[in-house]
Amino acid sequence: MQQIGKGNPKSTVPILLIAILLAAALLRFHDLDRTSLWYDEAVSWSQSRGSLGDLLSAVAKDNYPPLHNLVLWVTMPVLGDSETALRIPSAALGVLAVWLTYLIGRMVGGKSVGLLAAALLAVSPFHIWYSTEARMYSLLAATGLAFLLSLLKVLERPSASWLVTLALSGALFLYSHIYAVLAFLAVGLTCALFVLIDTVRTRSLSQLNAFRACIAMAVSAISFFPWLVILTNRARSVAETGFWIAYPDAAFLKSMAFSISGSLALILVLAGLAAFSLSRAMLRKDDGEMENSRYRRTLLIILAFTIGPLILAYLYSVLVQPILFDRYLIAAWPGLLLLAAEGTNRLPSRLAPLALLAAALVFTYPELKFTLFNKVRPEWRDIVAEYESRRTSDDHLILYKGFAAPALAYYLRGSGNFSAANKLEDLENLSSTLPSATQWLLIVHSNMHETGQAQNSFGVDETSLVAQHFGWGPSGLKLLSRSDTK
């Protein structure tokens, strides 16, 4: 990575950018079907394969907005619904996020900042992993960066086209994931603060860039309001039944920091460089006052976009119920990379950007290698293959627990029916009433006590185990069989 300055040929920049984008594409598109679809991916597939009305109705009963499902609804008739086809949109959006990071970085501190931030995101194991998942996380990052870029453009020099782009990208961002609301709120409050400061100074609103940006964001918020009502009602239901995310204690936060960065040493380096960039901006006096103000505001907007979701989600988790989770912060992660890249660019050594990129690769190499070659999702493909290789046409499969039905349905298409049991009573009733001579039980995501109870309800023990593959919880994906002579 070179620091691009006046002495460098202009042709160097597009070559480096193309190389970064090609590397990002290779890391995200390679071997997209290496792992099975996991439960959430299968839910996206299941919700998106019917009519548009069915899609909206199904997503309205879940905990997120419908944009990613709409993307799959559009692409599945063209690409199909194989594992690779379902993940292609996420991989493409992951590459788009790298390009948008470059564009934002170029606005912040020039082409060298854009190239460094884009390169750091391109090789990020965290971003690569969620760019290979048929869920909304890659979409959240890409639309978030589009929103951030549009906002910075409007704050710099508003035009009709950028105001429209800001309103549209803000709406897309909000419709990608509920965490977008947190980033949108943090950035909106920061922008409103700019309006207040400028109004006191100029005694006018109409010509203020920040005011125009707030108006465009208000259009985004209004367009999202109908779905916000739906999500609010869902939040009440979730609050009553509880949620699966753990309380964010120190161990949880440390684990989350490693998951996002791939290295605790790296995240400390990045945070230090970001702090250096921000502190330098607050003290900078080498340019005109207007230029300094614009530069500070750019960094403050990126800071709000980066830490706003983290702080708001942490406070909600502590005061109400846990919602803080690593993959929900995928849009915030490029913000830290941008601030760190700007801090690196301000160091005296021209080799600083190259040194940071090299350090990132060294620190995260074990996690990057693990992500590309060894990291797995629950192995639905393997467990269904085990069942299909042994079953006969009269056999019947019972799934416990029933929430995993979409994943089983995806891999069991055309190979026989199954029944889903959500409770032990359901399992006991099904196992006693089904007429098939051979019954199969697939236990999913259960602790040891639940697994033992399920086996007792089904009337089997460990000697009936046929196969067991990776799946979250001590049970994994556990397949057992029972033959009856009725």
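The model is predicted: local features need pLDDT of at least 70 and side-chain atom pairs count only at pLDDT 80 or more, while totals for chains, interfaces and linings use all residues. Residues are numbered from 1 along each chain as its sequence is written, and side-chain values use heavy atoms, without hydrogens and water.

**The cores**

Select I104, F147 and L151, which have the most contacts inside the largest nonpolar core, a set of 101 residues. A nonpolar core joins buried Ala, Val, Leu, Ile, Met, Phe, Trp, Tyr and Cys residues through side-chain atoms within 4.5 Å; buried means under 20% relative accessible area (1.4 Å probe, protein chains only). Next, display helix α8, residues 137-156, which gives the most to this core, with 13 residues. Helices (H or I, at least four residues) and strands (E, at least two) are DSSP runs, numbered from the N terminus.

Centre on F147: beyond its neighbours within four places in sequence, its contacts (heavy atoms within 4.5 Å) include L166, F173, F184 and F305. Then select L37, M76, V384 and L408, which are among the 26 residues of a second, separate core.

**The sheet**

Five strands now deserve attention: they form an open sheet of mixed pairing, ordered β2-β1-β3-β5-β4. Strands pair if DSSP finds at least two bridges between them. At the edges are β2 (418-420) and β4 (465-469); each has a single partner strand, so one side of each lacks a neighbour in the sheet.

Select β1, residues 396-400, which pairs with β2 in the parallel sense over three bridges. Here L399 stands opposite A420 in β2.

Key. Buried means under 20% relative accessible area, exposed over 50%, partly exposed in between (1.4 Å probe, protein chains only).
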